[in-house]
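Please look over the sequence and the model shown here before reading on.

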Amino acid sequence: MIDKEADLVFDWAPSPAPRSRVELDDESLRDGLQSPSVRQPPVQERVRLLRQMADLGIDAADIGMPVSGEAGYQATLALARAAADERLPIALNCAGRTVVADLKPIADISAKAGVPIEAMAFIGSSPIRMIAEGWTLMGMVRAIRESVRFAVREGLKVCLVT
């Protein structure tokens, strides 16, 4: 139960300096395209950007959220195929909610392109989100377990984003 407004907001504390190499995961091809004022570049331009990320030494790239619709699915598949065909030295990942229906297209694309893709499975877990969605903690845990188990059975690595 939430007793006061301060319980609805979490302020991240500063982290200590990393002790090892910092890895970069570029979100430009997914999160960076979500603003209504951003133009959607054609797939060929997205492939060019993925190549440049690899050339720069970026460790990983989020190549899309294929459950967002047919265009999103096809663009994500094209990026995965280009990375596989060109053997780009960059790890691929895709976003999806902690719902099997969101993670299934990621598994499909990974299989079709023949390249590993990590599922960045997310769930909004803040107290205010739980209230707004009418979620219980046990319901959230159940959704996470079901979706992560599905992804692992399909051979995907999974990063749980809360």
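A crossing of two helices is left-handed if the near helix is turned anticlockwise from the far one by less than a right angle, and right-handed if clockwise. Helices (H or I, at least four residues) and strands (E, at least two) are DSSP runs, numbered from the N terminus. This is a predicted model, in which local features need pLDDT of at least 70 and side-chain atom pairs count only at pLDDT 80 or more, while totals for chains, interfaces and linings use all residues. Residues are numbered from 1 along each chain as its sequence is written, and side-chain values use heavy atoms, with hydrogens and water left out.

Q: In which hand does H1 pass H2?
A: The axes of the two helices, lines fitted to C-alpha atoms over the stretch in contact, with angles from 0 to 180 degrees between N-to-C directions, lie 10 Å apart at an angle of about 40°. That makes H1 oblique to H2, since angles under 35 degrees count as roughly parallel, over 145 as roughly antiparallel, 65 to 115 as roughly perpendicular and the rest as oblique. The crossing of H1 past H2 is right-handed.

Q: Are H3 and H5 roughly parallel or roughly antiparallel to each other?
A: H3 and H5 pack with their axes 9 Å apart, at an angle of about 15°. H3 and H5 are therefore roughly parallel.

Q: Which residues of H5 make the contact with H3?
A: Contact means heavy atoms within 4.5 Å. From H3 the contact takes Val100, Leu103 and Lys104, and from H5 it takes Glu146, Ser147, Phe150 and Ala151.

Q: Is aspartate 102 buried or exposed?
A: Aspartate 102 lies in helix H3, and beyond its neighbours within four places in sequence it is in contact with Met65, Val67, Gly96 and Arg97. Buried means under 20% relative accessible area, exposed over 50% and partly exposed in between (1.4 Å probe, protein chains only). At 1% relative accessibility, aspartate 102 therefore counts as buried.
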